Amino acid sequence: MGRSQEMSEEKKRILRERAKRLAQEPKDARTYEREMEVLEFLLGRERYAVETEYVREVYPMKELTVLPCTPDFLLGIVNIRGEILPVIDVKKFFDLPGKGITNLNKVIVVRKDSMAIGILSDEVINTYAIPLSDLTPPPPILTGIKADLLKGITHQQLILLDIEKIVSDKRLIIHEEIE
Amino acid sequence: MKNMTLGKKLLTGGLLAVAIPIIIVGIVSVYQASKNTYKDKQDDMTIISESLAGSLETTMYEQLFVIKNISYSNSVIAAAEKMEKEGEKKSRHEIALAEKELIKIKNAEGDRLSSVNIVDRNGIFFASSDRKTFKGTDISKREYFINALKGKPSAGSVVVSATTGRVVCTSAAPVYSSNGKDITGVVIIALELRFFSDISQKMKIGKGGYIFIVDKNGLYITHPVKEKILKESIFQTKGMEDVSELIRQGKKGNREYTVEGIRRVASVAPVNITGWSVVSVVPVDELYAPARFTRNVIISVGTIFLLLASVFFYLFSRSLTRPMGEVVDAAQKIASGDLSLNISSPDRHDEIGRLIHAFNEMVRSLKEKIQVAERIAANDLTADVMPSSERDALGNALATMVDTMRKQIQEIVEGVNILATSGNEIMASVTQLTSGAAETSTAVTETTTTVEEVKQTAEVSNQKARHVVELGQKTAEIAKLGLKSIEDTIAGISRIKEQTEAIADMVVRLSEQSQAIGEIITTVSDIAEQSNLLAVNASIEAAKAGEHGKGFAVVAQEIKSLADQSKQATALIRTILFDVQKAISSSVMATEQGNKAVEAGVKLSTQAGESIEALAESVTEAANAAIQIAASNQQQLAGMDQVVSAMENIRDASIETAGSAKQTERAAHDLHNLGQKLQEMVSRYKI
């Protein structure tokens with residue numbers, strides 16, 4: 001009951017925001033002309049993308065070393081040309097079914113400033129540009145980390161991850177002590 | 001005694017207890033009383049006799065005294081003397097004087113004296129108190145006159161008066177002359193005997209007793225029977241000898257005698273002066289009268305008390321025996337098994353009341369037992385018997401009986417059920433048996449027919465057997481030919497086998513080569529993948545380079561498309577190779593199967609050869625067997641005849657069997673019915 005009440009309140013809030021947003025006129029008409037270079041990849045059957053700006057390279061998933069006593073979204077660490085990088089599994093955030101890790105999996109190495117992490121992808125599709133106007137904010141039903149990690153969704157149902165947030169999110173800092 | 005009822009016993013005992021003392025006391029007291037009264041009465045009689053005798057004696061003495069006085073009287077002496085001397089005529093004066101004297105005396109004595117007289121020495125009356133009567137009477141012959149003349153006065157002579165004819169008692173005394181020497185006359189007094197009679201009659205003893213007086217000669221002076229007086233003598237009376245003896249001796253005493261059948265007691269007392277005896281007589285019976293009275297009293301009182309006692313004991317015994325009788329009747333009824341009784345129990349608290357109560361209790365208890373028994377009889381065994389006590393033999397026996405019956409009935413029920421089931425089964429079996437017997441009978445008849453047919457068939461088979469012998473010989477020849485062709489076939493198949501093995505080797509080699517091709521394709525696919533990745537990275541780098549990287553980006557895109565194409569090509573090759581490998585596998589399998597088929601063919605051919613060989617032998621054997629069959633058929637024909645006759649016997653037997661099976665069926669039916677009846681009977685029991 002409590003949950004349904006909460007939901008109904010939330011629905012009300014969402015509906016209010018939507019009404020408010022629809023009531024506003026677009027501020028900058030030039031946004032349509034601007035583009036964004038993205039790297040599309042697959043997680044399960046869903047299409048995801050990251051901004052090419054933050055991508056350092058794509059690397060075959062090899063020699064994954066699993067770390068014990070870590071949260072499940074941290075798959076482990078890989079050695080890419082001498083550099084040790086953590087690999088996170090974005091599927092865990094979006095409740096997507098795992099498929100098992102093979103050599104066909106790729107690690108997309110993203111960086112922001114000096115911080116670099118690997119994101120596991122099932123398959124890397126390609127890089128291309130998308131118009132910014134095509135991007136819509138994430139749906140309001142997403143809350144918590146789901147909402148925070150997304151930058152937007154295109155009309156082609158391409159989900160754009162927000163690398164800056166992923167890299168800088170405090171929740172991704174792992175500090176656990178095992179006795 | 002043993003057969004007497006209790007009431008009679010009580011009655012008898014009580015009456016005896018009352019009667020015996022009464023009888024003893026009665027006998028003793030009667031005996032005593034009779035003894036005492038007998039003695040008393042005798043004493044009384046003696047006293048009476050003696051007192052009468054005494055008084056008579058006194059009277060006689062008085063008479064003597066009186067007569068002596070008269071004789072001494074002057075006028076009498078003078079008259080007698082004158083008369084003696086001068087005769088009657090001259091002494092008239094003196095006689096007159098004497099007569100006056102005599103009349104005076106007579107009058108003084110009254111009626112007691114009948115007369116006073118003076119007689120002369122010749123016995124002639126010359127003076128008398130009653131002159132007219134007695135004058136001139138002569139009494140010279142009388143004893144008392146003679147005695148008086150001798151000087152002896154006497155009294156008590158009873159005589160019949162010469163003048164009057166009446167019986168009188170005379171006394172006589174001599175009259176002496178004045179000088180007192182000569183006897184001049186005799187004075188005679190006649191006493192009326194009536195006087196004695198009166199006395200003796202007055203002194204009656206009891207009812208039948210009486211008194212009489214006899215003189216010394218035994219003549220009756222007084223007696224109740226007047227005719228006897230002075231006419232009969234007691235000495236002549238028969239039966240009175242004892243009494244007569246006493247009288248004769250002048251003694252006193254008591255004697256018993258019997259005259260005319262009556263026993264009497266006589267008490268004798270003598271009167272000495274006259275020689276008389278006074279005898280008082282009483283019948284013995286009268287003596288015993290008081291004793292008889294006592295006896296009668298005792299008898300009547302005893303009888304009354306006996307009656308009262310018998311009534312009392314009768315009532316008492318009735319009060320005992322009636323309820324006892326009821327109880328006895330009840331006990332007899334119970335003994336005869338009749339319990340429909342109820343002893344009316346008046347409110348008695350003695351032993352009989354308790355007996356009746358105990359009887360009713362017993363009957364009640366028995367009725368309970370009987371109810372249980374009736375329930376048992378009505379097949380109800382659910383009854384629980386509660387014994388009245390531990391020693392209640394009947395109750396315990398009933399309880400044990402019910403228990404035992406229950407168990408037995410249960411066993412019987414089980415047995416009957418088994419029996420009924422068995423009966424059913426037996427009946428079913430017997431019915432089957434009967435139908436089977438009938439069938440057997442039919443079958444036997446059929447069999448007999450069949451045997452006839454078999455006989456004919458045997459003849460046919462005999463012919464056939466000969467035919468088989470011929471055929472067998474032909475077949476053996478054909479089998480030899482078959483053997484040869486089989487050997488040829490085996491040789492051909494062996495050649496096919498060698499060639500097939502060669503094909504298999506080649507196919508295996510082909511498979512190994514296709515495996516190598518697969519590995520190569522994987523390598524190529526890997527390379528394409530890496531190229532693709534490189535292309536992506538290149539495009540990323542190109543993007544980073546901005547405007548300067550645009551051309552490189554195009555190149556990178558081209559490389560990527562090449563990599564994609566090579567990926568697709570390898571995928572295609574892989575598909576084809578996969579098909580090829582499948583085909584190779586199939587051919588490997590096919591060659592192996594071919595190999596096996598060839599081996600099987602060799603084996604089969606060999607077997608066929610062996611079979612044909614065996615067939616040839618068999619046919620030969622069959623031919624031999626057919627010969628034997630022909631021989632045995634002959635024997636069979638002979639056997640068949642025997643079988644036919646045996647079948648006849650069997651048919652008769654089976655008909656009998658069918659008949660007895662029918663009987664058995666009836667019996668089984670009866671058994672079945674019996675089982676069902678038993679079940680019905682047993683089902684009536686409630687356990």
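Gln157(A) is exposed, with a relative accessible area of 56%, where exposed stands for over 50% relative accessible area, buried for under 20% and partly exposed for what lies in between (1.4 Å probe, protein chains only). This glutamine sits in the loop between β10 (150-154) and β11 (159-161) of chain A, and its phi is near 60 degrees, a positive value in a residue other than glycine. The model is predicted, so that local features need pLDDT of at least 70 and side-chain atom pairs count only at pLDDT 80 or more, while totals for chains, interfaces and linings use all residues. Residues are numbered from 1 along each chain as its sequence is written, chains are lettered from A and ligands numbered from 1 in the order in which they are written, and side-chain values use heavy atoms, with hydrogens and water left out.

Cys69(A) also has a positive phi, near 60 degrees, in a residue other than glycine. Its place is the loop between β3 (55-60) and β4 (74-80) of chain A, and with a relative accessible area of 45% Cys69(A) is partly exposed.

Read from the N terminus, the order in chain A is α-β-β-β-β-β-β-β-β-β-α-β-β-α. Of its 179 residues, 40% count as buried. Among contacts (heavy atoms within 4.5 Å) in chain A between residues at least 6 apart in sequence, 57% join residues at least 24 apart.

Turning to the interface, the contact draws 16 residues from chain A and eleven residues from chain B. Together the two chains bury about 1,100 Å², 55% of it on carbon and sulfur atoms; buried area here is the accessible area (1.4 Å probe) that two parts lose on being put together, summed over both. Leu533(B), Ile540(B) and Lys544(B) supply 42% of the area that chain B buries against chain A, more than any other three residues.

One salt bridge is counted between chain B and chain A, the term meaning a side-chain nitrogen of Lys or Arg within 4 Å of a carboxyl oxygen of Asp or Glu. Lys106(A) forms a salt bridge with Glu529(B), their closest N and O atoms lying 2.8 Å apart. On the side of chain B that touches chain A, the elements giving two or more residues are α11 (393-545) and α12 (550-683) of chain B, and α11(B) provides the largest share, nine residues.

Definitions and conventions
Helix = DSSP H or I, 4+ residues; strand = E, 2+ residues; numbered from the N terminus.
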